[in-house]
Amino acid sequence: MEKTLKKDAFAEWLKKLPSYDVYVPVEDDGRFNYEIVGNAGAIDESFTNAVVGPKKVVFPQREVLLRFNSTNEKAPEVEEVLPEEKPAVVFGVRPCDARAVTLTDKVFGGDFADPYYWRRRNNTTLIGLVCTEPPSANCFCTSVGGSPAGKDGLDVVLTSLGDRYYVETLTTRGEKVVSDGGKVFGEPAADDKKAAEKVGTEAAAKVERQVEGVNDLTENLRDMFDSPFWDEESLSCIRCGICTYLCPTCHCFDINDEVLVPVPLTGERVRTWDNCQFPDFTMHSSGHNPRPNRASRLRQRILHKFRYFVENFGDYQCTGCGRCIIYCPVGIDIVDVLDKTAAYER
Amino acid sequence: MTASVEEIRAEVKKLLDEGAVKYVIGYRNGSAGPFAAPAFFTGAGEADELVWDPTCFHNLARFLADERREDVCAPEAEEDGKKPVGVVVKGCDSRAVAVLLQEKFVDRDAVYLIGVSCEDGGVIDEGKLARKLGTAKVEKIEFGVDGGFVVTTDEGPIKIESADILDDRCVECRAAYPVVHDVVIGEQVDRKPEEPYGSLDEIESLAPEERWEFWERELGKCIRCYACRSICPMCYCDECVADTIAFAVTADTTADEKAQKIKWVERSPDNSENFFYHLVRAMHLAGRCIDCNECERACPVDIPLRLLNKKLEKEAKELFDYDVGFDPDVPSLISSFRDEDPEDFIR
């Protein structure tokens with residue numbers, strides 16, 4: 001289904017979605033984040049991309065898995081806690097981030113589908129926004145199979161055409177939120193589809209960063225496990241969690257019991273984001289750590305994304321959003337690292 | 001003006017040529033934009049890649065901690081082990097080294113300090129620059145000839161006044177000239193800020209409830225990536241009380257000891273845990289933080305962490321007349337007691 005939407009009618013559309021948690025990118029001192037805005041709001045024309053992508057909606061940083069409480073020194077009673085069946089709609093999703101969600105789908109799906117993830121995922125509608133300009137000079141989506149106008153993972157896609165959006169619905173979830181909007185939408189003009197396609201093509205040409213020899217990447221990485229390359233590239237790594245926490249495809253988590261009341265024992269079992277760049281991520285209880293230094297941790301980040309994930313799921317686990325480059329406080333640059341693997345003397 | 005990059009390169013080249021140092025920690029051009037990045041120079045031939053510009057934000061004293069951890073720079077010959085590590089230090093960075101020396105974390109013989117005087121310059125604030133220039137694409141940032149900065153965008157070079165984009169750490173800088181050093185490049189200057197704690201005025205003027213709201217909002221953004229702790233030159237503990245990512249467990253740690261480890265803070269990024277993490281960290285930096293502001297710069301969600309550390313620096317000054325990081329030979333604030341120390345807060 002194709003429609004158009006006047007930008008000044010955007011808030012009207014939000015008003016037609018009262019049953020949803022509506023997320024819109026909100027600016028705070030130059031940085032954007034998806035926040036629940038109720039029925040007010042618009043997509044800021046200066047929106048680039050959010051610091052944390054829509055990953056936080058389908059895979060929140062903290063999630064309660066179950067509650068426990070024990071009375072009279074009996075064994076604790078356990079209560080399963082699944083996320084509420086509350087629909088959410090996220091506006092202004094960049095194609096790289098939507099595509100990233102399709103990759104986390106693979107991890108949390110398969111033979112052992114994760115009920116917590118899927119309850120949120122199946123209740124979340126992603127409304128894409130085609131990039132008219134690459135949101136950052138460090139975008140490289142076109143190198144890893146994406147595009148500024150990519151549709152993977154999106155339910156609706158909006159393309160900015162001056163004072164209005166060209167609106168394309170891609171799934172039944174998408175059709176629902178568009179039909180809920182009813183008369184706020186208009187019918188597209190004859191050449192709107194072409195104009196929208198042009199926006200995407202032009203933006204793709206402006207993506208400046210490219211990974212050299214990307215087709216040989218996985219093969220090149222196959223015999224680099226023991227290479228001194230990782231020592232050289234990781235010297236300035238400070239072992240923080242920025243690259244992985246902000247990554248739209250990183251999905252590792254930790255599970256802990258949080259005691260709320262010690263006696264009688266009451267608490268929650270929670271899952272929180274975890275990441276392979278923290279030294280204790282692979283710490284064994286014996287004290288042995290198979291990834292004891294920054295070199296082995298950088299290697300893990302690169303190999304997981306460009307070798308293991310390819311072997312397991314047939315795709316790079318990277319959609320080229322550029323966050324790990326933009327926010328790294330010491331200038332570690334995944335595109336540069338990948339480029340160097342191509343030329344590295346093995 | 002500022003120190004000349006050629007002079008810094010010549011010094012680094014000489015040190016590496018003579019084999020006087022194991023390696024030198026300095027700056028190179030970043031590959032992902034106009035900002036410099038930390039770099040490790042092991043051969044004299046690499047010295048020409050060294051850069052010195054207003055984006056040399058990083059406090060390279062941070063990397064001295066890795067030298068003591070498992071992460072050494074390169075496999076080395078036995079005689080190399082006794083050589084010092086060369087470090088390029090700005091004034092603020094040299095104060096961090098002074099604290100590390102004072103705390104006996106680093107031996108004076110283990111470092112060769114290549115001081116660089118910031119003179120009347122300093123480093124820029126990325127946020128201020130972005131606000132000033134909007135969407136213009138920045139290609140290069142240089143020191144101006146007569147103060148200020150020259151920023152080259154895709155539309156050409158423009159001159160920007162220092163006051164517009166200078167980082168707050170530099171606005172309130174108390175040591176533009178390195179305090180400990182083996183050599184200094186650049187002119188001796190004695191720069192004193194007009195308002196050394198001016199950036200605290202606004203938050204201090206708020207009522208306690210307003211301050212609480214402010215910090216609830218700011219610390220509520222925290223995603224607990226621990227970048228602030230990880231980039232801090234003072235946060236060198238093997239085991240950190242404020243986070244769960246650095247348990248010092250070894251093969252010799254008994255099951256009993258492991259079971260007894262207290263988890264002081266949960267991983268959940270809610271305000272109870274976020275406050276605990278940030279306030280404990282701030283307290284552990286009282287009398288130790290030298291205001292390099294790297295924590296705030298590293299923060300991906302823009303929490304104004306400098307306010308916490310600056311406040312404690314001010315308390316240390318006003319209560320104990322203690323200045324951090326100027327003299328490695330005086331006792332540290334926390335480990336010393338004087339008869340005239342105030343005690344009216346003890347009730």
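This is a predicted model: local features need pLDDT of at least 70, side-chain atom pairs count only at pLDDT 80 or more; totals for chains, interfaces and linings use all residues.
Residues are numbered from 1 along each chain as its sequence is written, with chains lettered from A in the order in which they are written.

The contact (C-beta atoms, placed from the backbone, within 7 Å) takes 41 residues from chain A and 42 residues from chain B. On the side of chain A that touches chain B, at least two residues each come from α9 (242-245), β11 (253-261) and β12 (266-273) of chain A; helices (H or I, at least four residues) and strands (E, at least two) are DSSP runs numbered from the N terminus. β11(A) gives the most, with three residues.

In chain B, five strands form an open sheet of mixed pairing in the order β2-β1-β3-β4-β8, where pairing requires at least two DSSP bridges between two strands. The edge strands, β2 (36-41) and β8 (183-185) of chain B, each pair on one side only. From one strand to the next the twist averages 35°; axes are lines fitted to C-alpha atoms, for helices over the stretch in contact, and angles run from 0 to 180 degrees between N-to-C directions.

Strands β3 (residues 85-89) and β4 (residues 111-116) of chain B run parallel and are joined by five bridges, and B:V88 has B:I114 as its bridge partner in β4(B). Helix α3 (residues 91-102) of chain B packs on the sheet, touching β3 and β4 of chain B, and its direction makes about 155° with that of β4(B).

Technical notes: Two residues are in contact if their C-beta atoms, placed from the backbone, lie within 7 Å.
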